[in-house]
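Visitor: I would like a close look at one part of this model. Please keep it brisk.

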Amino acid sequence: MGGTAIRLHGLSKTFGRTEAVIGVDLEIADGEFFSMLGPSGSGKTTVLRMIAGFEAPDSGIVELAGRDVTRLAPFERDVHTVFQDYALFPHMTAEQNVAYALKIRRVPRHERLHRAREALAQVRLDGLGARRPSQLSGGQRQRVALARALVGRPRVLLLDEPLGALDLKLREQMQVELKAIQRDVGITFVFVTHDQEEALTMSDRIAVFRQGRIEQTGTPAEIYERPATPFVAGFVGISNLLAGDAAERVVGSSGTYSIRPEKIRMLEESAAPDGPEHSTATGTVAEVFYLGDATRFLVDLDAGGSLTVLQQNLETSSEDVAACRGARVRLLWHDHHTFRVPEAQRPQPGGDTVRTTPHAPVR
Ligand code: ATP
């Protein structure tokens, strides 16, 4: 622990006329759970493939544990990649699938079996080693793939949307387990995902990608609480941006501001402010999204623009919240939850838009 597992310097890759990766610099520490997060086509997988050695960069350097591996073949690098489709051999048992990774490295048979069992235990599959992939659930197959990756004891594990094929419930369960397994084995994990909640849940740090570049690198809290650009504010969580005239009227100065939905309290318009918050805005509830444990309200502000408010359903039912549509309300929040978002550093070509209103039930 403590050293640098991966260092990328000025990494670029073009496919035909597509600039897939543009000047990416990154350092990932030993033992980190690091996620590369971004929309489809933002270059995450290409970066991962360049770390693995499946893709050669046009320019730039890939270092693993301080060694320049840019021109080395995948098998000469101390990394292992886990893909979304698992790529297990259907005719082999789970144990044989895991042991196979050692067979091609000419590890003696006795040791192979011992280490395969150990790896299956690490992913909590003890006792299921004799089953073939078709006799395992999706989550169990995913674990076999993980055990196969761990058995070679790589220094770095690269995971490309490994939970993408699982249903939501299983995916959430695997997120918790994957994090626990990573903590147990202490290997550096580099995890590619387009799912912001997944990245926030599991990572020590996250790099947010956009159009081939890294927009921001930071801990989940830094990325969420202090987005470096409007794009990050919109991609990670619900953006809730106030800009232009609305910012002038509500915040009292120009610029772009972000307020996270759970930081805002909503009262009836006529209610006297009863708390210590100083920021306030009035408006009309335009949309209500009942989520079971909480409700999201989209409020059109009198000052212009709109804000999303998230409230826990402590007492309320779905009928109660539906009746709020069209209601006049007052929003309150602490000044220190109004975060000024730095303006974008470079011109924003078309291709993606910053969401100021939520479309999916993202929380
Ligand atoms: P996704 O989440 O959809 O996998 P991503 O962020 O991982 O997206 P990449 O797969 O790295 O993105 O792709 C970045 C860009 O490079 C995309 O425009 C993609 O179409 C292009 N690209 C990737 N691989 C190739 C290839 N082998 N040939 C041509 N274009 C490619």
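How far is an oxygen atom of the ligand from an N or O atom in the side chain of Thr 46? Please go on from there to the ligand's surroundings and the helices.

Guide: The distance is 2.5 Å, between an oxygen atom of the ligand and an N or O atom in the Thr 46 side chain. Keep in mind that this is a predicted model.

In Ser 40, a polar side-chain atom sits 2.6 Å from a ligand oxygen. For Lys 44, an N or O atom of the side chain is 2.8 Å from an oxygen atom of the ligand.

Now the wider surroundings. Ser 40, Lys 44 and Thr 46 are among the residues around the ligand. The stretch Pro 39, Ser 40, Gly 41, Ser 42, Gly 43, Lys 44, Thr 45 and Thr 46 belongs to that set. Phe 15, Thr 18 and Ala 20 complete the list.

Next, the helices. Start with helix 2, residues 94–103, and helix 4, residues 138–151. Their axes come within 8 Å and cross at roughly 25 degrees. Helix 2 and helix 4 are therefore roughly parallel to each other. The crossing is right-handed. Helix 2 contributes Ala 94, Asn 97, Val 98, Ala 101 and Leu 102 to the contact, and helix 4 contributes Val 144, Ala 147, Arg 148 and Val 151. By class, that contact holds 7 nonpolar residues, 1 polar and 1 charged.

Helix 3 covers residues 109–122. Take its packing against helix 2. The two axes are 9 Å apart, at an angle of about 120 degrees. That angle makes helix 2 oblique to helix 3. Here too the crossing is right-handed. From helix 2 come Ala 94, Glu 95, Val 98, Ala 99, Leu 102 and Lys 103. They meet Arg 112, Leu 113, Arg 115, Ala 116, Arg 117, Ala 119 and Leu 120 of helix 3. The contact of helix 2 with helix 3 has 8 nonpolar and 5 charged residues, with no polar ones.

That leaves helix 3 against helix 4. Their axes come within 8 Å and cross at roughly 130 degrees. Helix 3 is therefore oblique to helix 4. Helix 3 passes helix 4 with right-handed geometry. On the helix 3 side, the contact residues are Arg 115, Ala 116, Ala 119, Leu 120 and Gln 122. On the helix 4 side, they are Ala 147, Leu 150 and Val 151. The classes here are 6 nonpolar, 1 polar and 1 charged.

Methods: Residues are numbered from 1 along each chain as its sequence is written. This is a predicted model: local features need pLDDT of at least 70, side-chain atom pairs count only at pLDDT 80 or more; totals for chains, interfaces and linings use all residues. Side-chain values use heavy atoms; hydrogens and water are left out. Axes are lines fitted to C-alpha atoms, for helices over the stretch in contact, and angles run from 0 to 180 degrees between N-to-C directions. Helices (H or I, at least four residues) and strands (E, at least two) are DSSP runs, numbered from the N terminus. Angles under 35 degrees count as roughly parallel, over 145 as roughly antiparallel, 65 to 115 as roughly perpendicular and the rest as oblique. A crossing is left-handed if the near helix is turned anticlockwise from the far one by less than a right angle, and right-handed if clockwise. Contact means heavy atoms within 4.5 Å. Ala, Val, Leu, Ile, Met, Phe, Trp, Tyr, Cys and Pro count as nonpolar, Asp, Glu, Lys and Arg as charged, and the others, Gly among them, as polar. A residue is near a molecule or strand if one of its heavy atoms lies within 4 Å of it. A polar contact is a pair of N or O atoms within 3.5 Å; within protein, one must be able to donate a hydrogen and the other to accept it, and residues adjacent in sequence count only if both atoms are side-chain atoms.
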